[in-house]
Amino acid sequence: MKLPAQEYSPAFDPVLDRAQLQRDGLYRKERIVQTRSGVQIQIDGKRLINFCSNDYLGLASHPRISQAMQAAADKYGVGSTASPLVCGKSALHELLEQKLARLTGRDRALILSCGYMANLAIVSSLASTRGQAIFADRLCHASMLDGAMISRSTKKRYAHASPTALENILKRTAEKSRLVLTESVFSMDGDIAPLPELAQLCRQYKACLVVDDAHGFGVIGKQGLGGMEHFSLGQTDVPLMMATFGKALGVYGAFIAGPDDLIDTLVQRARPYIYSTALPAPIIAAVYEALDVMQEEPNRREQLESLIQRFRSGAAGRGITITTSNTPIQPVIIGDANKAVMVSRLLEQNGIFVSAIRPPTVPRNSSRLRITLSANHTDEHIDTLLDVLAYCLTKAGVVTR
């Protein structure tokens with residue numbers, strides 16, 4: 001029996017003003033990638049060179065990693081079937097956690113479903129009672145800030161990458177239990193946090209430093225082990241670090257590494273860990289292989305560094321203003337959201353794909369093109385990007401800042 005069609009009647013008044021978002025250049029729309037091959041993607045039937053992926057080392061399509069995933073799927077199946085504390089954690093998970101602990105020089109590591117959930121787990125678990133305080137860099141990732149919002153502790157934000165600003169609020173804070181949050185490489189600006197100075201302040205004021213290394217792990221440091229290796233900081237300096245598998249490693253998921261007692265606290269208290277299905281074994285196998293490839297093919301980081309310098313030099317030569325970033329994240333700050341969208345569309349019309357990043361992802365009046373480089377790009381790709389970018393900025397009447 002066919003039920004009569006009923007007119008949709010929302011239970012509450014919609015709060016989303018789509019028309020206003022569109023006028024402000026802030027309306028978001030998914031772009032469907034039809035095919036992907038290295039840095040080449042196809043959208044709406046058009047082949048484009050992709051310059052907004054986080055696949056920094058170009059590992060997302062590496063044959064060894066794909067084969068490792070396929071072999072694990074044949075052996076373990078495609079799903080983990082339960083949370084880690086029920087029956088979802090396999091021997092592969094345990095081996096990967098041990099490997100991550102060794103690589104990062106920490107007592108123990110814990111695998112979570114994604115970076116967002118990992119940061120939520122850290123902050124909401126370790127700052128879960130009143131009488132505690134959280135200090136977050138003003139440009140920290142949303143996942144850290146969301147963790148702070150759902151905690152019961154005092155929340156304060158300090159000026160971006162400013163040890164002086166952090167010390168000023170540490171001095172004035174009465175709470176004895178303190179958590180300081182920062183990224184290593186900031187995801188929208190590409191700059192590197194002053195981790196040694198932050199670590200020193202945390203030792204001085206007895207605070208626990210937590211570093212989100214999502215965009216540093218695999219990219220910076222002598223062996224590509226991230227911000228802590230880059231600055232030679234150990235577990236005593238940075239008790240807790242988080243990094244993801246979905247950026248430089250090209251797979252999916254995240255891990256937290258630190259002292260045994262803090263990791264055990266997360267196992268006992270972290271709701272995103274306790275109540276989430278474990279990552280499937282094929283993902284774990286792919287991550288394990290990606291770590292080996294990262295270490296065995298240092299030429300990928302060398303190629304990436306060469307491309308970064310080529311882009312920066314070429315931008316300066318063409319009068320394109322960029323930030324001081326020396327990482328694969330190279331923002332071109334435009335300011336106005338509608339202008340940023342306009343330039344993004346012009347780039348796409350000319351064979352280059354770079355998304356416009358707008359508020360609330362970045363602060364108001366700082367909309368930008370977040371250009372990201374991959375080891376799979378070539379010198380020719382970089383030169384093409386620079387030429388097309390200069391043309392599109394001029395055509396849109398945009399002066400970068």
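Guide: Helices (H or I, at least four residues) and strands (E, at least two) are DSSP runs, numbered from the N terminus. This is a predicted model, in which local features need pLDDT of at least 70 and side-chain atom pairs count only at pLDDT 80 or more, while totals for chains, interfaces and linings use all residues. Residues are numbered from 1 along each chain as its sequence is written, and side-chain values use heavy atoms, with hydrogens and water left out.

Let us start with strand S5, residues 132-137. Of its 6 residues, 6 are buried (buried means under 20% relative accessible area, exposed over 50%, partly exposed in between, with a 1.4 Å probe and protein chains only). Both faces of S5 are covered: Gln-132, Ile-134 and Ala-136 lie on one side, and Ala-133, Phe-135 and Asp-137 on the other.

S5 has pairing partners too (two strands pair if DSSP finds at least two bridges between them). Strand S6, residues 154-158, is joined to S5 in the parallel sense by 5 bridges. Strand S7, residues 177-183, also runs parallel to S5, again with 5 bridges. Ile-134 is a handy landmark here: it stands opposite Lys-155 in S6 and opposite Leu-179 in S7.

Helix H6, residues 142-150, belongs to this picture as well, with Ser-143, Met-144, Leu-145, Gly-147 and Ala-148 as its buried residues. What covers them includes helix H5 (115-126) along with S5, S6, S7 and S8; the contact cut-off is heavy atoms within 4.5 Å.

Strand S8 leads us to the loop. Asp-213 sits in the loop between S8 (208-212) and helix H9 (227-230). Its relative accessibility is 0%, so Asp-213 counts as buried. Setting aside neighbours within four places in sequence, Asp-213 is in contact with Ser-184, Leu-225, Gly-226, Gly-227, Met-228, Met-241, Met-242 and Ala-243.

Now for the helix pair. Two packed helices are described by the angle between their axes and the distance between the axes. The axes of helix H7 (residues 163-171) and helix H8 (residues 195-204) come within 10 Å and cross at roughly 15°. Axes are lines fitted to C-alpha atoms, for helices over the stretch in contact, and angles run from 0 to 180 degrees between N-to-C directions. H7 and H8 are therefore roughly parallel to each other (under 35 degrees counts as roughly parallel, over 145 as roughly antiparallel, 65 to 115 as roughly perpendicular and the rest as oblique).

On the H7 side, Pro-163, Leu-166, Glu-167 and Leu-170 take part in the meeting, and their counterparts in H8 are Glu-197, Leu-198, Leu-201 and Gln-204. By class, this contact has 5 nonpolar, 1 polar and 2 charged residues (Ala, Val, Leu, Ile, Met, Phe, Trp, Tyr, Cys and Pro count as nonpolar, Asp, Glu, Lys and Arg as charged, and the others, Gly among them, as polar).
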